[in-house]
Amino acid sequence: MHCRVGDTVEFTLTNDGVVPHSMDFHAAQVDPKTAFRSVPKGQSVAFTFKPKWAGAFMYHCGTAPVLMHIGSGMYGAIIVSPREPLPVAKEFVLVQSEFYLSDAAGPVRAFDYQKMLSTLPDFVTFNGRPNQYIDAPIRVKVGDRVRFWLMNAGPTHPCNFHVVGEQFDTMYLGAPPATPIRGVQTWDVPPGGGMCFELLCDVPGEFPFVNHGFGHGQKGAIGFLNVEP
Ligand SMILES: [Cu+2]
């Protein structure tokens, strides 16, 4: 989802599932008791909001236990751009998340709630598939500015974002374009948080982008940014 600061976002959730669900938008400032309430099977909830701040914001099911609902994949990112466009760049959205799978055999691996509580994930991924950007690298050209909108859905671990062989000349801890941080090697995006990382591709090569907490990077949160001549 993409919008700009001050746009009106209209949202409706209809629950076609079995157990109650809800949706909590971190980009919204609304009464959560009303807007983010759980709706049972067959019912809906609708609300509108106007994002006040730019950034990469999480939205997720907030029905108890939240760990189970987020750990089962009920999340996404909404990118809120500032009204005044940022400098031209190749923009990418990365959502880091963790997968906790049961050992039961079958066509679909169910979640394991005890494993979620133990915080030992089987996979940690960017955009839902382990190592997918090893298999299909992100490709840009020398001279491109790359902007990663990185949102960490968790549910539990940080994303210590780093690009091997590069440095972020611009990083927004909060809302772009105010007060960038310069010359960053690695910065941790907390679960439930989002940040914006920029680098200038002035050197050709194959640059791994990783979760530098390598116990998690090695479980799939790793990929290649290929800078072609
Ligand atoms: Cu849910």
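Colleague: Ground rules before we start?

Modeller: This is a predicted model, where local features need pLDDT of at least 70, side-chain atom pairs count only at pLDDT 80 or more, and totals for chains, interfaces and linings use all residues. Residues are numbered from 1 along each chain as its sequence is written, and side-chain values use heavy atoms, with hydrogens and water left out.

Colleague: Which residues coordinate the copper ion?

Modeller: His21 (ND1), Cys61 (SG), His69 (ND1) and Met74 (SD), at 2.0 to 2.6 Å. Donors here are N, O and S atoms within 2.8 Å of the metal (3.2 Å for Na, K and Ca); water is not among the atoms, so sites may look incomplete.

Colleague: What geometry does the site of the copper ion have?

Modeller: Tetrahedral, with angles of 90 to 128° among the four donor atoms. Four donors get that label if all angles lie between 85 and 135 degrees. The ideal angle for four tetrahedral donors is 109.5 degrees.

Colleague: And how are the donor residues of the copper ion spaced in sequence?

Modeller: The pattern is H-x39-C-x7-H-x4-M. Cys61 sits in the loop between strand S5 (55–60) and helix H2 (66–71), and Met74 in the loop between H2 and S6, so this pair ties together parts 13 residues apart in sequence. Helices (H or I, at least four residues) and strands (E, at least two) are DSSP runs, numbered from the N terminus.

Colleague: Is Cys61 buried or exposed?

Modeller: Cys61 counts as buried, because its relative accessibility is 0%. Met74 is at 26%, so it counts as partly exposed. The cut-offs: buried is under 20% relative accessible area, exposed over 50%, partly exposed in between (1.4 Å probe, protein chains only).

Colleague: On to sheets. What is the strand order in the open sheet of four?

Modeller: S1-S6-S5-S3, with mixed pairing. Its edge strands are S1 (2–4) and S3 (24–25), each pairing on one side only. Two strands pair if DSSP finds at least two bridges between them.

Colleague: How do S1 and S6 pair?

Modeller: S1 and S6 (residues 75–81) run parallel, over three bridges. His2 stands opposite Ile79 in S6.

Colleague: What order do the strands take in the open sheet of five?

Modeller: S9-S16-S15-S11-S13, again with mixed pairing. S9 (138–141) and S13 (186–189) are the edges. Neighbouring strands are turned by 25° against each other on average, direction ignored. S15 (residues 205–211) and S16 (residues 222–228) pair antiparallel over six bridges. There, Val210 stands opposite Ile222 in S16.

Colleague: Last topic, rings. How many aromatic pairs in the whole structure?

Modeller: A search finds 17. Rings of Phe, Tyr and Trp (its six-membered ring) pair if their centres lie within 6.5 Å; planes under 30 degrees apart are stacked, over 60 edge-to-face, the rest tilted. One of the pairs is Phe25 with Phe47, edge-to-face at 6.1 Å centre to centre and 75° between the planes. Phe25 is in strand S3 and Phe47 in strand S4 (residues 44–49), so the pair ties together parts 22 residues apart in sequence. Both Phe25 and Phe47 are buried.

Colleague: How do Phe25 and Tyr59 pair?

Modeller: Phe25 and Tyr59 are stacked, at 5.0 Å centre to centre and 25° between the planes. Tyr59 lies in S5 and Phe25 in S3, so this pair ties together parts 34 residues apart in sequence. Tyr59 counts as buried, at 19% relative accessibility.

Colleague: Which rings are linked into a cluster?

Modeller: Phe92, Phe126, Tyr133, Phe148, Phe161, Phe168, Phe197 and Phe209, through ring pairs.

Note on methods
Axes are lines fitted to C-alpha atoms, for helices over the stretch in contact, and angles run from 0 to 180 degrees between N-to-C directions. Four donors count as tetrahedral if all angles lie between 85 and 135 degrees; four count as square planar and six as octahedral if opposite donors are over 155 degrees apart and all others between 65 and 115; anything else is irregular.
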